Amino acid sequence: MTDLGFPQSQGRNWGHVALRCLLFLLLGLFALFYLMPLFVMVTTSLKSLEEIRTGSLVAFPRDVTFEAWRTAWSGACTGIQCEGLRPYFWNSVILAIPAVLISTLIGALNGYVISQWKFRGANLIFSLMLFGCFIPFQVVLLPMARMLGLMGLAGTIPGLIFVHVIYGIGFTTLFFRNYYVTIPAELVKAAKVDGAGFFRIFWSIFLPLSLPIIVVTVIWQFTQIWNDFLFGVSFSQAGTQPVTVALNNIVNSTTGVKEYNVDMAAAIIAALPTLFVYVVAGNYFIRGLTAGSVKG
Amino acid sequence: MAPILDIQNLVKNYGAVEILKNINVAIEPGDFLVLVGPSGCGKSTLLNCIAGLEPISGGTIAIGGRDMTHVSPKDRDIAMVFQSYALYPTMSVAKNITFGMKVRGVDAETQAQKLAEVAKQLQIEALLDRRPGQLSGGQRQRVAMGRALVRDPKLFLFDEPLSNLDAKLRVEMRSEIKKLHQNLGATMVYVTHDQIEAMTLATKIVVLKGGVVQQIGTPAEIYNRPANLFVADFMGSPAMNLIPVKARKNGAGMKIEIARQGAEPLVLHDTRVAELPEDVILGLRPEDIAEAGYRAGENVQTADCLIDMVEPAGADTYVVSHLGGKQVTARLHAETVAAPGQMLGLAFDLGKVSYFAPQTGERLN
């Protein structure tokens, strides 16, 4: 151990380099394997039906055509209507944005109260909310349908927003509570002595501190709500269906020749927004963390 | 003058646990009141009660002659500095200081003027645009003080404001707080577990233990005439020597016998007390035991003692001897020739002595 000679360490260096190469090779293979389906989806969506029938699955398209994308967006048939994904895509947008914002705001307020304005039973309520995170969707379908019926929201987009907000509060509360619980209680005391009230402290001191956790919550909630199928299919009717349901209908209700290229284009369109949110906000998230000036 | 802070019969419970028991304190304008005690004695809780951040279970609190028992913190005309400073992390130093005024709707011109005054006073003008995260501990401390000063309140409350600083900075900030108190003539209530901070800053000290007031008095009273064994032991460093002794009637005064291992008991004569029970605890501060010949006076009595240990501390030399079954520390001058294992003549200044009852711990003289 004490007299490690030069040649020996040289040998170790070579071993080290070889190991590195192997590692990168393996990681590269895994990445290729993982990206394969996406590759097939993108190339297939750019081919014509003719080419799909005659060519290989993994081949590059000979003639790139965006016809399938156009059809998927505005012409594909879901059952009897042939309007493509477009109306349903907007349904999803006007459903997901308010649902994400409302559930994030309520979660922030809940977390603020549970961590900084402790009251008798605060921990019990928090535990119950946590429990809510682990209730399977299927269990609440029937009671929720009844609820929405009673509220007159059955089959409407506000109804779906309501469902997603309720279901999201457990998670958003958990995120914000765990973030706020690390903030010293003296901060609230100092603000109280300064004369600030409940909402003033929340608005002026806690929300500005919360950027990283807001981004995490928004990514999480948006992904959940945009990708949701079960609630979407259960609590919507013709005209209010979200994009996931419409995608299913396009893929499953074609007659005659299966238009793989349209299916693939539709699937990519339906997945783009979550990808977009992740790329934009995820980048912001990392910047927020590395700025490092958040903590006092 | 009417007391600026008047606490009467204050009780604080958490469920069935009594945190503060029947506290009565009053201070005059310009006083510097220090609440001192070991951790868990309720001193911070008492401060939070004064601030209105904790509801109290009984009694009353009056500030500036007004009953504030059920008034919210913002209306008590107080400002508070916290142990962790509690600066608002996303606001600049300037915004931190003006936040309170902004909340209270003070106009922008007054805000700017007051901010400039306070920043000048605390020498933080260069820091006003920075965030708390970009400041050092001492700078944050100043900003926290600025946030309190800008209110110009009836009462300043400090909750262990120096305990997060390193030793050197702590001494610096301590004298700055003292200077601030003198210049402003403000009334302050200050919580600390550090008895030196308490002694140096206070005009009045409250010693707390287990939610009960042990003694209230000026630093000199607390130091020279501690009310019980706890106060005697807690205040002062090194701590007061507390030696179990036998007291016997001897003419008009008392004869005090201190047992010694393997030697005749050490006998002192105290002519200043007339009556003591047989078993008492004698309290004498290390500086009241000097080298023979260095202390004169009618109450000084000399005896030869065996030295166990010598601890040079620069300015002083502490020598430890074994008396009455206890280690007894004497604070001698730096050039003393004492050596362990040798006899040394020590002068006991009985004019400064305290006697305590061993069972109750109460002061007897």
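Analyst: The model is a predicted one. About 630 Å² is buried between domain 1 of chain B and domain 2 of chain B, and carbon and sulfur atoms give 58% of that area. In domain 1, B:Tyr223, B:Leu229 and B:Ala232 lose the most area to domain 2 of chain B, together 69% of what that side buries.

User: What makes these two parts of chain B separate domains?

Analyst: The division comes from an automatic or database domain assignment. That assignment gives domain 1 as 5-234 and domain 2 as 241-356 in chain B. Their centres, taken over C-alpha atoms, are separated by 39 Å.

User: How many residues of domain 1 of chain B are in contact with domain 2 of chain B, and what makes them count?

Analyst: Contact requires heavy atoms within 4.5 Å. By that criterion, nine residues of domain 1 of chain B are in contact with six residues of domain 2 of chain B.

User: How many salt bridges and how many polar contacts are counted between domain 1 of chain B and domain 2 of chain B?

Analyst: A salt bridge needs a side-chain nitrogen of Lys or Arg within 4 Å of a carboxyl oxygen of Asp or Glu; the count between the two domains of chain B is zero. For polar contact the cut-off is 3.5 Å between N or O atoms, and two residue pairs are counted, both residues at pLDDT 80 or more. On the domain 1 side, helix H7 (219-224) and helix H8 (229-234) of chain B each give two or more residues. The residues of that side divide into six nonpolar, two polar and one charged.

User: What is buried between chain B and chain A?

Analyst: The buried area is about 2000 Å², with 63% given by carbon and sulfur atoms. B:Tyr88, B:Pro89 and B:Thr90 supply 24% of the area that chain B buries against chain A, more than any other three residues. Under the contact criterion, 28 residues of chain B are in contact with 19 residues of chain A.

User: How many salt bridges does the rule find across the interface of chain B and chain A, and which elements of chain B supply residues to that side?

Analyst: The rule finds zero salt bridges between chain B and chain A, while five residue pairs are in polar contact. Strand S6 (78-81), helix H2 (93-103) and helix H4 (137-149) of chain B each supply at least two residues of the side that touches chain A. H2(B) gives the largest share, four residues. By class, that side of chain B has 14 nonpolar, six polar and eight charged residues.

Notes: Residues numbered from 1 in each chain as written. Chains lettered and ligands numbered in written order. Predicted model: local features only at pLDDT ≥ 70, side-chain atom pairs only at ≥ 80, totals over all residues. Heavy atoms only, no water. Buried area = accessible area lost by both parts, 1.4 Å probe. Polar contact = N/O pair within 3.5 Å; in protein donor to acceptor, adjacent residues only side chain to side chain. Nonpolar A, V, L, I, M, F, W, Y, C, P; charged D, E, K, R; others polar.
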